[in-house]
Amino acid sequence: MSWMADNRHVVFGADVLGRSPGTHLWRADTESNAVEALTMSSTSEYEPSVSPEGARIAFVADASHYDIVEMPVNGGPMVVRRPNASDDADP
């Protein structure tokens, strides 16, 4: 899990919330207990790391191998940061 810059929201990977198979990223509000999906794909996303200003999240995406991926918190497109055939983890 990783805290957002506002110290109120936390981003985490979970596969137990019943939305789709695999592990996906979620954002939880620690004051209201609201939880929202940030990713929902046919692969798995986990090990999030929120940027210091809270605008981007780097995470591991698991397809045929592990890649470091970055996505804007505002819902912009995901970008693979280290596209290669090796397994990358722990952003």
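Reader: Is Glu 45 buried or exposed?

Author: Glu 45 is buried, with a relative accessible area of 2%, where buried means under 20% relative accessible area, exposed means over 50% and partly exposed lies in between, using a 1.4 Å probe and protein chains only. Please keep in mind that this is a predicted model, in which local features need pLDDT of at least 70 and side-chain atom pairs count only at pLDDT 80 or more, while totals for chains, interfaces and linings use all residues. Residues are numbered from 1 along each chain as its sequence is written, and side-chain values use heavy atoms, with hydrogens and water left out.

Reader: Ok, and where does Glu 45 sit?

Author: Glu 45 is in strand β5, which covers residues 44–50; strands (E, at least two residues) are DSSP runs, numbered from the N terminus.

Reader: What is Glu 45 in contact with, leaving aside neighbours within four places in sequence?

Author: With those neighbours set aside, Glu 45 is in contact with Gly 13, Thr 23, His 24, Leu 25, Thr 39, Met 40, Phe 59 and Val 60, contact meaning heavy atoms within 4.5 Å. Thr 23 is 22 residues away from Glu 45 in sequence, yet their C-alpha atoms are 5.6 Å apart in space.

Reader: Which side chain makes a polar contact with the side chain of Glu 45?

Author: That is the side chain of His 24, at 2.7 Å. A polar contact here is a pair of N or O atoms within 3.5 Å; within protein, one must be able to donate a hydrogen and the other to accept it, and residues adjacent in sequence count only if both atoms are side-chain atoms.

Reader: Now the core. Which residues make up the largest nonpolar core?

Author: It has 11 residues, namely Met 4, Val 11, Leu 25, Leu 38, Val 50, Ile 57, Phe 59, Ala 61, Val 69, Met 71 and Val 73. The term covers a set of buried Ala, Val, Leu, Ile, Met, Phe, Trp, Tyr and Cys residues joined through side-chain atoms within 4.5 Å. Two or more residues each come from β6 (56–62) and β7, and the largest share, 3 residues, is from β6.

Reader: Why does Val 73 count as buried?

Author: Val 73 counts as buried because its relative accessibility is 19%. Val 73 lies in the loop between β7 (66–72) and β8 (79–80), and beyond its neighbours within four places in sequence it is in contact with Met 4, Arg 27, Gly 54, Ala 55, Arg 56 and Ile 57. The C-alpha atoms of Val 73 and Arg 56 are separated by 5.3 Å, although the two are 17 residues apart along the chain.

Reader: What about phi at Asn 7?

Author: Asn 7 has a positive phi of about 55 degrees although it is not a glycine. Asn 7 is in the loop between β1 and β2 and is exposed, with a relative accessible area of 60%.

Technical notes. Helix = DSSP H or I, 4+ residues; strand = E, 2+ residues; numbered from the N terminus.
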